[in-house]
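Try each task before reading its solution.

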Amino acid sequence: MKKWNVMLVILLFAAAAVAGCSGSSDTGAAANAKAPADGEIPQVLTTNLAGGEPYTLDPAFASDTTSYFIIDNLYEGLYTYDKSGKIVEGAASKVDVSPDATTYTFTIRDDATWSNGDPVTAQDFEYSWKRVLNPKTGAYDPSSLYYIKGAEEYNTGTGSADDVGVKAKDDHTLVVELKAPLSIFPIIAVGRAYLPVRSSVVDNNEKWAAEADTIVGNGPYVPQEWKHNEQITLAKNNQYWNKDVITMNTIHFKMVQDATTYYQMYKTGELDMILSLPLDVIDQEKNNKEYLSHPSFSVYTYSFNVNEKPFTNQKIRQAFSYAIDRETLTTNVTKGGETPAHGYVPYGLTNPSGKDFREDAETYYEFNVQKAQKLLAEGLKEEGLSQLPPVTFKFNTADNHKKVAEALQAMLKENLGVEVKLENQEWKTYIDTFKQKNFQIARMGWVGNYLDPLGVLGHYTSNNSNNFTNWSSKEYDELIQKSTYELDPNKRIELLQQAEQVLMEDLPIIPILFSADTALVSPKVTGIVFDARSNPDLRFAKRVEP
């Protein structure tokens, strides 16, 4: 696989931008829609939201790329990304860092405005971050804010909101105190847990994020229409401070989950772009100039619930991993440029040595049937079992996930004699099932929270909001903690590699493959940014043909 640098952004194609919409009559979505002048090509793009209905459009509760596809353009944090993938100021016009690198003072832009016309203030950020941390909120990812002084204590009930190191000095000045110097704080602060919401909107309507006309955001787009389970339409937000660089005026997101159906919709011109091609068409599309594939900073996994038999046993977990032929899976099943995951940190991060993190790290769980069978026998003996109890793999409904699950099912049958039952659920139901840890082993793809080994390794600390395995390791927690605040880059990488080794040996998850994103993009549209970070960026897309 061709290696790509941390900040490499491939200006290849498009995806879908999103945004917040005003509930007021003079600043709502209708006011944002712009009719093209005579002779101008309407800047309208239609794409697909393959995950179906978003789980939520409230950034405090979102956990999935389907929701993030919309949310990332509904709201803008203090930092954002430019066209080249560089982190730049977003809602903040200036950032001052103290000499000891523990205090960040952000100046909110004078022209930062909510989609209802209200000014964006420092108080909005203090409110939003403390809302995520408030244990009564039940937000998805409060641990992303634990780098802030007093944040973890407040979230875990041992401190107060007043002790959290986030203070609005005035409307335009936000002061953030960290627990310790943190070189990657700007990378972390681009995360969704750091996005602002409008306090008056949230406090006055508990269902504010459920409909297009009640969402208020500060991002480049606003929802114009939301037909649930059918389509979301976004319009350019003319209240957005940087609206002049936003070229696409309207984006339609169809919600079609069946891969064959949305592939045919693209072929007939109903869609300008699709992501995640059906696996059985990839070979025939690879020579198509409209076909795109590139690595994603994400790892496709199956997560164990280590409290559910038989996966309470480490050797049985390891046996399942050794029995999987990842090379055959990526070559003959997925075929979209994915690579076998013989570790947890994906390719794409350059170490101080100049090598990729993955090249410097160990190789784990190469296909080995004999070792898999030996470990299974030993694990069964340790558990006092003569055979495995029933095993069920759960996954969300999608043709591609089904084919991967069926391939794993066949491998485990052939290599271990294990009968695996498959169970699929629609996305919103599946997300709840996963969060409730109602599974023995379940599919999940983890996109890094940010482009750093911690962006994925941090998921499995004992107190991390993304850890749904019931696995906990004091050694792992200590290594992650040390690496987080280690300023020597070489020592930091050593600690992160040690942490990955602990994770891989105890194995609360099975890394299956390092993902690649496939797409078809119409030549009628240019300027879409598709990179390793997450979903494609449609902010700079332009239709060049009607």
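**Exercise 1. Find what lies over the face of Trp241, and at what distance from the ring centre.**

Solution. Start at the ring: Arg109 lies over the face of Trp241, at 3.6 Å from the ring centre. A charge counts as sitting over a ring if NZ of Lys or CZ of Arg is within 6 Å of the ring centre and within 35 degrees of the ring normal. Next, look at Tyr68, where Arg192 lies over the face at 3.9 Å from the ring centre.

A note before going on: this is a predicted model, where local features need pLDDT of at least 70 and side-chain atom pairs count only at pLDDT 80 or more, while totals for chains, interfaces and linings use all residues. Residues are numbered from 1 along each chain as its sequence is written, and side-chain values use heavy atoms, with hydrogens and water left out.

**Exercise 2. Work out how the rings of Trp129 and Tyr194 are arranged.**

Solution. A pair of aromatic rings is described by the distance of the centres and the angle of the planes. Rings of Phe, Tyr and Trp (its six-membered ring) pair if their centres lie within 6.5 Å; planes under 30 degrees apart count as stacked, over 60 as edge-to-face and the rest as tilted. The structure holds 20 aromatic pairs. For Trp129 and Tyr194, the centres are 5.0 Å apart and the planes are at 80 degrees, so this pair is edge-to-face. Now place the partners: Trp129 is in helix α3 (residues 122–133) and Tyr194 in the loop between α5 (185–188) and α6 (199–204), 65 residues apart. Helices here are DSSP runs of H or I with at least four residues, strands are runs of E with at least two, and both are numbered from the N terminus. Finally, ring pairs link Trp129 and Tyr194 into a cluster with Tyr79, Tyr104, Phe106, Phe125 and Phe185.

**Exercise 3. Explain why strand β10 is largely enclosed by the rest of the structure.**

Solution. Count first: 6 of the 6 residues of β10 (residues 231–236) are buried, so the strand is largely enclosed. Then check directions: Gln231, Thr233 and Ala235 point one way, and Ile232, Leu234 and Lys236 the other. Last, find the neighbours, given that two strands pair if DSSP finds at least two bridges between them. Strand β9 (residues 221–227) runs antiparallel to β10, joined by 6 bridges, and β11 (residues 250–254) is also antiparallel to β10, with 5 bridges. Gln231 has Lys227 as a bridge partner and Lys254 in β11 as another.

How values were computed:
Buried means under 20% relative accessible area, exposed over 50%, partly exposed in between (1.4 Å probe, protein chains only).
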